[in-house]
Amino acid sequence: MAIRPFLQSSIRRGDPLVNSSRISGGIGSRLGSCRRSITTTSYTNIDTANSAQITSNNDLSNIVRHFPPSISYAFGYGSAVLAQSQNTLTNNSMVDVILAVPQPYQWHKENLVRHKDHYSLTGRIGGARFVTWVQENFGARLYFHPFVSLETTDAATTTTRTQPTRTTRQIKYGVVSTDALISDLLRWDYLYLAGRMQKPIVSIDVPTYEGLTSDVQYRRDGIEEAQRSNLLAAVSTSLLLYGGDDGDHAQNKDELTASTELLPTSKLFGTIASLSYTGDFRMKTGAEDPNKVAKLVETPGMHDLWEQTYSESLQILHSEGLLSIVENAMEDGGGHTTNRGIKTRRYLEFHPNDVAIRRQLIQYLPPRLQHHSDLIVGSSSSDVKSIRNGSLLLRNELANIVAPAAKSQGMKGFFTAG
């Protein structure tokens, strides 16, 4: 099975992890009921050779094979995996990888034997138990290993009888427990990995191994189902943030209620990309590139990956009558490539101030953002002030999630060198 952008993964229907309203707030059941009516044939499968992917599938697989095999899920991200500007990949470009493991203590114990030099001095002295304690109790429950030099080997080409190629790559890998990852995707506990996975990523085919338990396989399926909920929540949150934007231009209440937003998908993707940076101190202090969001969306080849990532979520909202998807042929650059190779610009037609639509959208948000659902929705479609205040409240709630997690994870890096 080849590495593919996340949404192409096959998902087992009816996974109890997502269908349980106790965990996902009922989102999974709505995903399941909507999925039967989804048609995705209008969306092309992205050819990674022509997309923004700049680290090969084979390279990513070779990196993961260096680690202890009990990995539930892995993905690559960042500017050395998916282009974020007109950059050129070199062996010094740091490849970012996340590894989800079912038992962090056991995994770190094995990894310390294999790669003790990957750990900071405190990690080497404290051992696996200390590393696991730091991972699980501080920041966003991630333990990063940055600036790791790893020698990867490509298998020999039998047709040409060439020797295996050895390449030294700079990588940064983060380790998270499978349960913590699923929880962040469903609940937005930190909106850290959930925020990262709201952007295009490259899912890495994790090799099977002897002794693979049904629990590990179940958790792999659980991650994929939780990601579906995460993507749908990201779209719904972003659409809710547009509420009240055009109220000042309406001439009367009827015009306000009926006003329709024609939103380019590129703008929507920019809003989605910014969700996990809301309140992030790095954006305020200059520690993060202020053009990060624009690069994530506007770099050539990225738009098609965004379209593919969110094709299913947009079709779900379309099937429920919450928006319409409009395509216009275009001749200039950018846009989306259809199955027939035609470049189009895609728009979303929706009513940002319709409280009935806003009430439906908020049902797809994580439970913690539904606590103020009435205020976020707004009092009525004609009360633009309450709708605008609701959108501002939602943005503040996002900042309350992101800010402390980003700060504590940043502080954690001083002790873990990550």
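Me: At what angle do helix 5 and helix 6 pack, and how far apart are their axes?

Reply: This is a predicted model, in which local features need pLDDT of at least 70, side-chain atom pairs count only at pLDDT 80 or more, and totals for chains, interfaces and linings use all residues. Residues are numbered from 1 along each chain as its sequence is written, and side-chain values use heavy atoms, with hydrogens and water left out. Helices (H or I, at least four residues) and strands (E, at least two) are DSSP runs, numbered from the N terminus; axes are lines fitted to C-alpha atoms, for helices over the stretch in contact, and angles run from 0 to 180 degrees between N-to-C directions. Helix 5 (residues 104-114) packs with helix 6 at about 150 degrees, and their axes are 9 Å apart.

Me: Which residues of helix 5 make the contact with helix 6?

Reply: Contact means heavy atoms within 4.5 Å. Helix 6 takes part through Gly123, Gly127, Ala128, Arg129, Val131, Thr132, Gln135 and Glu136. From helix 5 the residues are Pro104, Tyr105, His108, Lys109 and Leu112.

Me: Over which ring does the charged end of Arg129 sit?

Reply: A charge sits over a ring if NZ of Lys or CZ of Arg is within 6 Å of the ring centre and within 35 degrees of the ring normal. Lys172 lies over the face of Phe144, at 4.6 Å from the ring centre. For Arg129, the charged end is 4.5 Å from the centre of the ring of Tyr105.

Me: What kind of aromatic pair do Phe130 and Trp133 form?

Reply: Rings of Phe, Tyr and Trp (its six-membered ring) pair if their centres lie within 6.5 Å; planes under 30 degrees apart count as stacked, over 60 as edge-to-face and the rest as tilted. By this rule there are 11 aromatic pairs. Phe130 and Trp133 are 6.2 Å apart, centre to centre, with 35 degrees between the planes, and the pair is tilted.

Me: Where do Phe130 and Trp133 lie, and are they buried or partly exposed?

Reply: Both residues belong to helix 6 (residues 121-137), where they are 3 residues apart, about one turn of the helix. Buried means under 20% relative accessible area, exposed over 50%, and partly exposed in between (1.4 Å probe, protein chains only). Because its relative accessibility is 31%, Phe130 counts as partly exposed. With a relative accessible area of 45%, Trp133 is also partly exposed.

Me: What kind of aromatic pair do Tyr242 and Phe350 form?

Reply: The ring centres of Tyr242 and Phe350 are 6.4 Å apart, with 65 degrees between the planes. The pair links distant parts of the chain, 108 residues apart: Tyr242 is in the loop between helix 9 (214-241) and helix 10 (253-258), and Phe350 is in strand 10 (residues 343-350). Tyr242 and Phe350 are buried. Their pair is edge-to-face.

Me: Is Leu191 buried or exposed?

Reply: Leu191 is in the loop between helix 7 (178-187) and helix 8 (193-196). Its phi is near 55 degrees, a positive value in a residue other than glycine. Because its relative accessible area is 2%, Leu191 is buried.

Me: What is the phi of Arg141?

Reply: Arg141 lies in the loop between helix 6 and strand 4 (142-154). At 25% relative accessibility, Arg141 counts as partly exposed. Although Arg141 is not a glycine, its phi is positive, at about 65 degrees.

Me: How many residues of helix 4 are buried?

Reply: Helix 4 (residues 57-64) is mostly covered. Its buried residues are Asp59, Leu60, Ser61, Asn62, Ile63 and Val64. Of the 8 residues in helix 4, the number buried is 6.

Me: What percentage of the residues in the chain is buried?

Reply: The secondary structure of the chain comes to 17 helices and 10 strands. The chain has 418 residues, and the buried ones make up 54%.
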